[in-house]
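Thanks for asking me to look this one over. Could you open the model alongside this note and follow the points in turn?

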Amino acid sequence: VESSIPEPQREAWKKYSATGFKSKDDFQKETVRHIETTLARSLFNCDEKAAYSGTALAFRDRLIIDWNKTQQRQTFADQKRIYYLSLEFLMGRALDNAMLNVGLKTAAKEGLGELGFRIEDVIQQEHDAALGNGGLGRLAACFLDSLASLNYAAWGYGLRYRYGIFKQEIENGYQVEIPDYWLDFNPWEFPRNDVTIDVQFYGWVNKYTDDEGKQITSWQDGEIVTAVAYDVPIPGYGTATVNNLRLWSSKASAGEFDFAKFNSGEYENAVADEQRAETISAVLYPNDNMDRGKELRLKQQYFWCAASLHDIIRRFKKSKRPWKDFPEQVAIQLNDTHPTLAIVELQRILVDLEGIEWNAAWEIVTKTFGYTNHTVLPEALEKWSVPLIQHLLPRHLQIIYDINLYFLQQVERRFPKDRDMLGRVSIIEESQPKTVRMAYLAIIGSHKVNGVAELHSDLIKTTIFKDFVKIYGPDKFTNVTNGITPRRWLHQANPRLSELIASKLGSYEFLKDLTLLNKLENFVDDKDFKKEWAEIKYANKVRLAQHILSATGISVNPKALFDVQVKRIHEYKRQQLNIFGVIHRYLAIKNMSAEERKKLAPRVSIFGGKAAPGYWMAKTIIHLVNKVGDVVNNDKDVGDLLKVVFIPDYNVSKAEIIIPASDISEHISTAGTEASGTSNMKFVLNGGLVIGTLDGANIEITREIGEQNVFLFGNLSEDVEDLRHNHFYGNHQIDPELNKVFDEIKKGTFGDEGAFSSLVSAILDHGDYYLVSDDFNSYCKTQDLIDETYKNQDEWVSKSITSVARMGFFTSDRCINEYADSIWNIEPLQVKEEAEVRSRT
Ligand code: GPQ
């Protein structure tokens, strides 16, 4: 390609080709240039926001140079690429991450200092990119970081929502949702107005025989919406690789904008069409672990799948390879069932548009896709109504029926005696109306299915997908335990701890190979080291206390034990168990003598997390936490012994402040319900201990760090079914201590008891599905054990250090390497520039 360009032109380009800044002076030069020209500001009206914008633009330029080179390198290498399809990418802020990954944070810090700004204040000006709900979206973001850091040729594909997850405010204890318009200034995206794809909806299917006697199937007369690409550079840590996250934005197609209407004076109608098209990518659905089945959501899914696939195919076609090579060049990972229509769309393209025979096409499809399941909760498993798909995607429905037909024929041949089998595994559920079970379609259309932690991967094989294990054999199902990126969740969020660790290990190499942390075990008895370790935790708690004061007006003592539960609010995650435990503690304190009170370790119970706007129970939990806080925090008998805080608007950037400041964090889901959890890993990596059930990745964390370093409690997942059964048949006594908590709520101690009756009656009258009463006693006892253990600070710090030392397994680098090995069959690309030393600070 390059040799086709004449020498003189090449020389001219080379001479002026951008190289990117490498020093403090160059950084300042670039930043000031952007502030003065791009932003048209000056020394005299440059506020922190402008300083952020200038800095971000300077770093963006820097990333773009490596981004261009990476894309060129990957094209020339002509190897397999991995495509991660996710409706959510919970990225958080980009600037700090870019500085650290490029290795120029120190230069930027000094440079900004000389220009009159504190780097921390500048970083805080950035609006979080909050295109996700919780764990699933944040996992996708960690994966992008690891894919780039490990030099994999990988693209993320998602939607460019105009509104991310809503901002949460608390008014009188209630959650209020505020729209999150985040695009007023976003230097991290590049609109690619020349990269567009037309996506069709509605219409009808025309089957006919053409003049040459060929069978033609054509989907026609639909409504067209155009997808426009917006690219976000994803820098790797300590490498020259900068990968791409491509987000699609919807707009009315140029052909579609109705000039006839427009000219005939129907201006408003023409504009309305345009707005309808733009609505597709307007807003992220705010539900976590909950399927709502809304038509616009299905439109989003198809719009994004179709645009991404056509883009991938366009790239593949440039290689001029035959179609059978497609799975050797392309691996597509489905992040949950949200992108399952991509399976159907690829089959449609191959059969209808490329004229490939059905079976040959289907082989290409199944070799290409892998499917990750993230939940066993029935309310979260996607089912789309057949009439809805028929209306929106008529050809796709036919293809789904054909896939199902061939699949069921195969099953019938294999299991002629099992008469119920066909109904159980059919993609179509014979409900009213009929629905398409997206998880089944995803399994049938993929070559591998994985769960996200060992227990979860076992559970999907023995419960929701057990028939498919019979049909395909166990090898189609595998486990890849989740991981987190230590760059953001240790180095960026907890720079002092990262620095202390580096000083002991001799380098920052552990950020690329997290297993190196195990050398920290040599220092568990080092007095000075332990002192510094404890001081850093304390400083992080002071920082969090400041945030709590400014966000809630509540003043907390950083010397108290910080007990944290931050995650989406959900009954299965059992924030209600936590707050009932807090009330129990409050009652205990009220009953204590002055002597007893002196012996108790002061505690701050910290909650945070969003409730889906339509999830009444979750909102009630938030309300109760705030009302309990109002009472406890103002009770003179209690003083510093107990404070209860709800931090509003929990998001990625708040997590970066909260997680490094925790002493104990709570991961207390009903056993068998939390697929993995990933914040559990983040807390332990930051030297916090955990209280948890034997659920999700808690089990593997315990195995790695040792049982003596985890506060485990509660029933096991294998007992859940029996326990629920006991509730149902009345063979169950409510714990008397829990009853006292309910009595207190009913007395009106925390305000109008009616406000919380649904929470209480879920347990007393409606079968206690999440087994709060079964685990309450064991939970409270374990909390008492935590109080005791915390009194021995020396022992506590030892546990903290030992735990961090043993967390190497939970890096998302390990996790991505497992996907590459067992699902994608892909190797990293060699990157020469890696040899170039980057300072990494
Ligand atoms: N998860 Cl299905 C979500 O955050 N949202 C969802 O809609 C579904 C799953 C989570 C899951 O609850 C956690 O246990 C996992 O750690 C996380 O996905 C990533 O796998």
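Below are a few remarks on a helix, a strand pair and one threonine.

1. A word on the basis: this is a predicted model, in which local features need pLDDT of at least 70 and side-chain atom pairs count only at pLDDT 80 or more, while totals for chains, interfaces and linings use all residues. Residues are numbered from 1 along each chain as its sequence is written, and side-chain values use heavy atoms, with hydrogens and water left out.

2. Helix 7 covers residues 135-149 and reaches 21 Å from its first C-alpha to its last, close to the 21 Å expected at 1.5 Å a residue. Helices here are DSSP runs of H or I with at least four residues, and strands are runs of E with at least two. Buried means under 20% relative accessible area, with a 1.4 Å probe and protein chains only. Just after helix 7, Asn151 has a positive phi of about 65°.

3. Strand 2 (residues 89-92) is covered on both faces, with Phe89 and Met91 buried on one side and Leu90 and Gly92 buried on the other. Strand 2 runs antiparallel to strand 3 (residues 129-131), joined by two bridges; pairing requires at least two DSSP bridges. Phe89 has Leu131 as its bridge partner.

4. Thr368 belongs to helix 13 (residues 358-368) and is buried, at a relative accessible area of 1%. A polar atom of its side chain lies 2.7 Å from the backbone oxygen of Ile364. Beyond four places in sequence, Thr368 touches several residues (heavy atoms within 4.5 Å), including Phe326, Leu346 and His447.

Note on methods:
The expected span of a helix is 1.5 Å times one less than its number of residues. Buried means under 20% relative accessible area, exposed over 50%, partly exposed in between (1.4 Å probe, protein chains only). A polar contact is a pair of N or O atoms within 3.5 Å; within protein, one must be able to donate a hydrogen and the other to accept it, and residues adjacent in sequence count only if both atoms are side-chain atoms.
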